[in-house]
Amino acid sequence: MPDYRSSLKGSDPAIYNALVAEEQRQQDGIELIPSENYTYPEVLELLGSIFTNKYSEGYPGKRYYGGQENTDLIENLARARATQVFRGEHANVQPLSGSAMNQAVYLALLEPGDRILAMDLSHGGHLTHGAPVSHMGRIFDFSRYKTLPNSGAIDYDHVRDMALQHRPKLLLCGYSSYPRDLDYEAFQSIADEVDAYTMADISHYGGLVAGNAMPNPLDFGFDVITTTTHKSLRGPRGGLIVCKQQHAKAIDSSVFPGLQGGPHMNQVAATAFTLHKAAQPEFTEYCDLVLSNAQALARTLKVEGITLVTGGTSNHLLVLDTIDSFGLDGRDTQNLLDEVGITTNKQVIPDDPLPPFRPSGVRIGTPAATSRGMNNDDMERIAKWTVAALRCHSDRSSIASIKREVLDFCRSYPVPGIG
């Protein structure tokens with residue numbers, strides 16, 4: 001195989017240097033952004049493979065270009081593996097991203113102006129779940145349910161009342177920053193009462209569903225689940241739709257030719273490999289440790305007196321109210337933790353009084369750290385470093401000391417595919 005990395009160094013030093021610097025950054029720090037992960041070396045190899053060269057508009061057996069015997073093979077493998085891992089009837093592996101996959105489902109099952117009941121963005125939902133600034137928020141009529149003020153839990157009686165009032169055609173659940181599991185049976189019951197489709201966007205925890213560490217919405221009668229293939233699944237960046245057979249034609253047509261052209265076959269190949277890994281016993285063990293690590297992280301933070309949205313976690317992520325805990329907004333918290341080598345992301349909290357770019361909290365999670373082999377004891381150390389850095393944020397000597405400790409710690413856990 002050609003040594004593309006060596007070629008890059010000579011042909012474009014600026015990009016090469018950025019690549020090397022990013023490798024070093026990932027090696028030297030602790031990744032706590034719950035939507036990020038370290039993928040498998042084989043995925044990196046497939047993403048850089050000659051499948052990048054092939055245009056494959058259409059679906060297996062029904063392509064618009066010739067020379068598709070190998071692309072048909074990998075896409076059929078990916079679809080079969082997706083239905084097996086997620087216990088579904090039909091899968092589409094072509095969406096180029098998580099946003100695209102959600103848009104494809106809306107446009108397959110609904111007409112412009114139809115009503116969708118979904119989770120409010122500031123309470124844990126996603127931009128594509130009807131945020132007014134999104135295009136989907138302009139095309140469809142979204143109503144948004146919120147969590148309870150004190151506990152942060154979802155009031156399913158209230159969701160039912162909203163469904164009876166608004167009569168949505170689609171009931172959507174799933175989250176990007178909600179630290180709890182969902183009652184899929186309750187959602188399905190509500191949808192049945194108002195004759196709505198059920199859709200679960202499990203992008204953040206799709207790997208945990210595939211690894212049987214968290215419940216699968218399809219087991220409760222849901223029409224559709226969508227998930228990104230990176231995040232907790234550890235694959236390439238992309239989207240995946242699994243649905244009932246009755247929706248297969250509409251969803252496939254919505255993805256292509258409705259929303260996008262040819263799929264990225266290097267991504268499809270990497271997805272196929274990722275789904276193979278997700279079916280192995282080792283992946284189940286990984287998912288169990290992701291959840292156990294999140295619990296360890298939450299326990300230590302609570303002992304340190306940190307305010308956690310919903311009081312803890314029952315999945316892979318936590319949301320810290322940093323204004324209440326440290327008097328620091330989320331942006332300052334994120335920047336400060338970056339200095340010591342702990343990567344997080346600023347995050348709004350429910351009904352946040354502060355603006356999105358300076359919100360009241362940060363979001364953290366355990367998939368990436370777990371991929372490096374970190375365990376419960378390590379989570380306790382990470383939590384204590386986090387709290388120490390935020391409490392002594394004006395003490396530059398202490399910040400430098402924590403940074404050195406984090407760097408020494410990271411050298412014991414090489415990033416997969418790098419070192």
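Two strands pair if DSSP finds at least two bridges between them. Helices (H or I, at least four residues) and strands (E, at least two) are DSSP runs, numbered from the N terminus. The model is predicted, so local features need pLDDT of at least 70 and side-chain atom pairs count only at pLDDT 80 or more, while totals for chains, interfaces and linings use all residues. Residues are numbered from 1 along each chain as its sequence is written, and side-chain values use heavy atoms, with hydrogens and water left out.

In β10, Gly239 is the bridge partner of Thr228. Ile225 stands opposite Val242 in β10, and Asn92 stands opposite Ile241. In β9, Thr226 is the bridge partner of Asp201. The pairings are listed here.

| Strands | Sense | Bridges |
|---|---|---|
| β4 (residues 90-92) and β10 | antiparallel | three bridges |
| β9 (residues 224-228) and β10 | antiparallel | five bridges |
| β8 (residues 197-201) and β9 | parallel | three bridges |

Buried means under 20% relative accessible area, exposed over 50%, and partly exposed in between (1.4 Å probe, protein chains only). Five of the five residues of β10 (residues 239-243) are buried, so this strand is largely enclosed by the rest of the structure. On one side of β10 are Gly239, Ile241 and Cys243, and on the other are Leu240 and Val242. β9 is mostly covered too, with five of its five residues buried. Val224, Thr226 and Thr228 point one way from β9, and Ile225 and Thr227 point the other way.

**Nonpolar cores**

A nonpolar core is a set of buried Ala, Val, Leu, Ile, Met, Phe, Trp, Tyr and Cys residues joined through side-chain atoms within 4.5 Å. The largest one has 55 residues, of which Phe86, Tyr145, Leu182, Phe187 and Tyr205 touch the most other members. Helix α11 (residues 265-278) gives the largest share of this core, eight residues. Another core, of 34 residues, lies apart from it and includes Leu328, Ile342, Val362 and Met374.

Contact means heavy atoms within 4.5 Å. Leaving out residues up to four places away in sequence, Phe187 touches Tyr145, Tyr156, Val159, Leu171, Cys173, Leu182, Thr198 and Phe222.

Val209 is found in helix α9 (residues 206-210). Its relative accessibility is 0%, so Val209 counts as buried. Val209 and Val85 are 124 residues apart in sequence and 8.8 Å apart in space, C-alpha to C-alpha.

**Pocket and cavity**

On a 1 Å grid over the protein atoms alone, a cavity is a set of points where a 1.4 Å probe fits but cannot get out, and a pocket is an open set with protein on both sides within 12 Å along at least five of seven lines; lining residues have an atom within 4 Å of a point. Grid points are joined across faces, edges and corners, and a volume is the space filled by probe spheres set on the points.

The second largest pocket has a volume of about 770 Å³. Its lining has 34 residues, and His126, Leu127, Ser176, Gln347 and Arg363 lie nearest its centre. Helix α5 gives the most to this lining, with four residues.

One cavity of 30 Å³ or more is found in the whole structure. The largest cavity holds about 60 Å³ of space. Its lining has 14 residues, and His123, Gly124, Ser177, Val309 and Pro350 lie nearest its centre.
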